[in-house]
Amino acid sequence: MFTSIGVHVSGAAGVLVGHPFDTVKVRLLQVQSVDKPLYRGTYHCFQSIVRQESMLGLYKGIGSPMMGLTFINAIVFGMQGNAMRVLGADTPLHQFLAGAAAGFIQCVICCPMELAKTRMQMQGTGEKSASRKMYRNSLDCLIRIHRKEGVRGINRGMVTTVIRETPGFGVYFLAYDTLTRALGCDADADYIIPKLLLAGGMSGMASWISTYPVDVIKSRLQADGVGGANRYDGIVDCVRQSWRREGWRTFTRGLTSTLLRAFPVNATTFATVTLFLMYMRENDDSMKDCEPMQPNLQHSSL
């Protein structure tokens, strides 16, 4: 119970810190035209959204990750812990495999959640108060997509989500395990908070760098068809068209804002949940019988 509370609180903090960066990433990937770019870069995109849509524009679509937060974290932490117990020895390979298994399983929640988030983030671009909103909120977005396209519609981008999340979580847990061991992140270590922040932030960045090109394709497929006909016939066609129109740089577009988001989100999530669990263990004897997912510390979600 204490673990789930700590994970939820830390995850909510991470979403609040990082969502504006995610909105910028989606805008740079989806709204931008190669011939007539709307934004000159990450900083200009931030400025434009705040000026044209107010600060609330940066938080469009936040309801979806907030709704899916508890379910995703429960799946990830539960699956990773169980996988490590089944695999036995705490080795780098087992850390990767356990993380990959956790990433694969949580896609069932992650894919619809990110579909709604992406659609909401694109809605009313450049308008402080959109004259005609297609979706009232994230839940209404999923309901409308289901009515129009069925189960297949709300799982649009599932294959690319699996391709991104499976190795992505594997890299994340592997990097996290390596960094915490190298930094000496024991409960009684000196400068524990800066070490936790650094380990969590760097692990999140490593994970995103390893799978970012796949995320570009996933985001474009999930945004495809908004306000018009579908542009892409599938994953291969999306890759082909993106490469033909924009070259290799298309697969790194929005990476700066993603990395700016990855560090504070994972640093905040990781430090919050770890310190929360340390505090609860010191004040509740029953926590001492709880088996952590790896020695001394817990992991944070992407």
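**View 1. Helices H5 and H8 are roughly perpendicular to each other.** The axes of H5 and of helix H8 (residues 192–223) come within 9 Å and cross at roughly 70°, where angles of 65 to 115 degrees count as roughly perpendicular, under 35 as roughly parallel, over 145 as roughly antiparallel and the rest as oblique. Axes here are lines fitted to C-alpha atoms, for helices over the stretch in contact, and angles run from 0 to 180 degrees between N-to-C directions. This is a predicted model, in which local features need pLDDT of at least 70 and side-chain atom pairs count only at pLDDT 80 or more, whereas totals for chains, interfaces and linings use all residues. Residues are numbered from 1 along each chain as its sequence is written, and side-chain values use heavy atoms, with hydrogens and water left out. Cys 111, Glu 114, Leu 115, Thr 118, Arg 119 and Met 122 of H5 meet Lys 218, Ser 219, Gln 222 and Ala 223 of H8, contact meaning heavy atoms within 4.5 Å. By class, these residues divide into four nonpolar, three polar and three charged.

**View 2. Helices H5 and H7 are oblique to each other.** The axes of H5 (residues 107–122) and H7 (residues 158–183) come within 10 Å and cross at roughly 120°. On the H5 side the contact is made by Cys 107, Val 108, Cys 110, Cys 111 and Glu 114, and on the H7 side by Met 158, Thr 161, Val 162, Arg 164 and Glu 165. Six nonpolar, one polar and three charged residues make up this contact of H5 with H7.

**View 3. Helices H7 and H8 cross at roughly 170°.** Their axes come within 8 Å, and the crossing angle makes H7 roughly antiparallel to H8. The residues of this contact divide into 17 nonpolar, eleven polar and four charged.

**View 4. Tyr 172 and Tyr 176 form a stacked aromatic pair.** A search of the whole structure finds six aromatic pairs, among them Tyr 172 with Tyr 176, at 6.5 Å centre to centre and with 5° between the planes. Rings pair if their centres lie within 6.5 Å, and planes under 30 degrees apart count as stacked, over 60 as edge-to-face and the rest as tilted. Being four residues apart in helix H7, the two tyrosines are separated by about one helical turn.

**View 5. Residues 96–116 are annotated as a transmembrane region in an unreviewed UniProt entry.** The entry also places this feature at residues 57–76 and 259–279, although such annotations may be inferred rather than shown by experiment. Over residues 96–116 the chain is 95% helix and 0% strand, with the end C-alpha atoms 29 Å apart.

Note on methods:
Ala, Val, Leu, Ile, Met, Phe, Trp, Tyr, Cys and Pro count as nonpolar, Asp, Glu, Lys and Arg as charged, and the others, Gly among them, as polar.
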